[in-house]
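Visitor: I have a new model open. Please walk me through it.

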Amino acid sequence: MNRAVKLALAVAAIGSLLAIFLVSALPVRAQEQEKVELKIQLPKPMFIGTPRNIKTPNLEAITGKPRGPFFVPKGTELVSLKKPVTSSDPQPVIGELSYVTDGEKSGEDGYFVELGPGPQWVQIDLKQPYLIQAIVIWHYHSQARVYRDVIVQVSEDKDFVSGVVTLFNNDHDNSSGLGAGRDKEYIETNEGRLIDGKGTKARYVRLWSNGNTSNDMNHYVEVEVYGQPVK
Ligand SMILES: [Ca+2]
Ligand SMILES: [Ca+2]
């Protein structure tokens, strides 16, 4: 066999190996990365028009437009429904902690849980780790208001001592003491606020707030966590 033939055979062999690799690897990757629009069931809006007189230093621009689509990997599902909820305020002033994950999102009275004043958190135990793609929060949506120091963290540690990832933090002046955040404050609506989970692996989700522009109390109508099981 002369050198040219040997070289041609070697190139052919490498080429076919590469082809096998590409054919076997590509469909898996394409499947993993296939994105679909996240479908979120929204409650009925409770107010319309321009929010009145909200004075707060770190508010995002109000567009009045609906939230655009949010895309998640195919196979992402609601993983928080009816999951257990704990809180820094274990005895809510109004309602029950279970309201946070009961699937009811109405803005009417009787659907929100009220926690005491000052910085408070609620925590959802997803019962197993998930790749978290999105968290949607409805604090209270029958009146335009801004909740202070909204901080969303995830962890595999139920005490949030180690491995804590902060996904959202709009406490621009660090008044809640968890570190200053760069996210903007926002007005509550029936759309809730969608936080990008960025595929973070975690079992527990902890959400902080520190009163709001109408009163010092903390409220939740519902929190939804969307994720994929960890394989
Ligand atoms: Ca609820
Ligand atoms: Ca603050």
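**Calcium sites, core and rings**

Guide: D149 counts as buried, at 4% relative accessibility. Buried means under 20% relative accessible area, exposed over 50%, and partly exposed in between, with a 1.4 Å probe and protein chains only. This is a predicted model: local features need pLDDT of at least 70, side-chain atom pairs count only at pLDDT 80 or more, and totals for chains, interfaces and linings use all residues. Residues are numbered from 1 along each chain as its sequence is written, chains are lettered from A and ligands numbered from 1 in the order written, and side-chain values use heavy atoms, without hydrogens or water.

Visitor: Which protein donors does the calcium ion (ligand 2) have?

Guide: D149 (OD), D171 (OD), D173 (OD) and S175 (OG), at 2.2 to 2.4 Å. D149 is in the loop between β6 (120–138) and β7 (151–155), while S175 is in the loop between β8 (165–169) and β9 (193–209), 26 residues apart. Donors are N, O and S atoms within 2.8 Å of the metal (3.2 Å for Na, K and Ca); water is not among the atoms, so sites may look incomplete.

Visitor: S175, buried or partly exposed?

Guide: Partly exposed, at 46% relative accessibility.

Visitor: And what holds the calcium ion (ligand 1)?

Guide: Its protein donors are Y99 (O), D102 (OD), E104 (O), V221 (O) and E222 (OE), lying 2.2 to 2.3 Å away. Their spacing in sequence is Y-x2-D-x1-E-x116-V-E. Y99 is partly exposed at 22% relative accessibility. E104 is partly exposed too, at 40%.

Visitor: Back up a bit. How many helices and strands are there?

Guide: One helix and 11 strands. Helices (H or I, at least four residues) and strands (E, at least two) are DSSP runs, numbered from the N terminus. Of the 231 residues, 42% are buried.

Visitor: Which residues have the most contacts inside the largest nonpolar core?

Guide: I135 and L207, in a core of 37 residues. β5 (113–115), β6, β7, β8, β9 and β11 (222–229) each supply at least two of its residues. β6 gives the most, with 10. A nonpolar core is a set of buried Ala, Val, Leu, Ile, Met, Phe, Trp, Tyr and Cys residues joined through side-chain atoms within 4.5 Å.

Visitor: What does I135 touch?

Guide: Its partners include V152, L167, V205, L207 and V225, leaving aside residues up to four places away in sequence. Contact means heavy atoms within 4.5 Å.

Visitor: New topic. How many aromatic pairs are there?

Guide: Two. F112 and Y140 are edge-to-face, 5.2 Å centre to centre with 65° between the planes. Both are buried: F112 at 10% relative accessibility, Y140 at 12%. The rings of F168 and Y186 have centres 6.2 Å apart and planes at 75°, so that pair is edge-to-face. F168 lies in strand β8 and Y186 in the loop between β8 and β9. Rings of Phe, Tyr and Trp (its six-membered ring) pair if their centres lie within 6.5 Å; planes under 30 degrees apart count as stacked, over 60 as edge-to-face, the rest as tilted.

Visitor: What sits over the ring of Y186?

Guide: The charged end of R193, 4.2 Å from the ring centre. R206 does likewise over W121, at 3.8 Å. The test is NZ of Lys or CZ of Arg within 6 Å of the ring centre and within 35 degrees of the ring normal.
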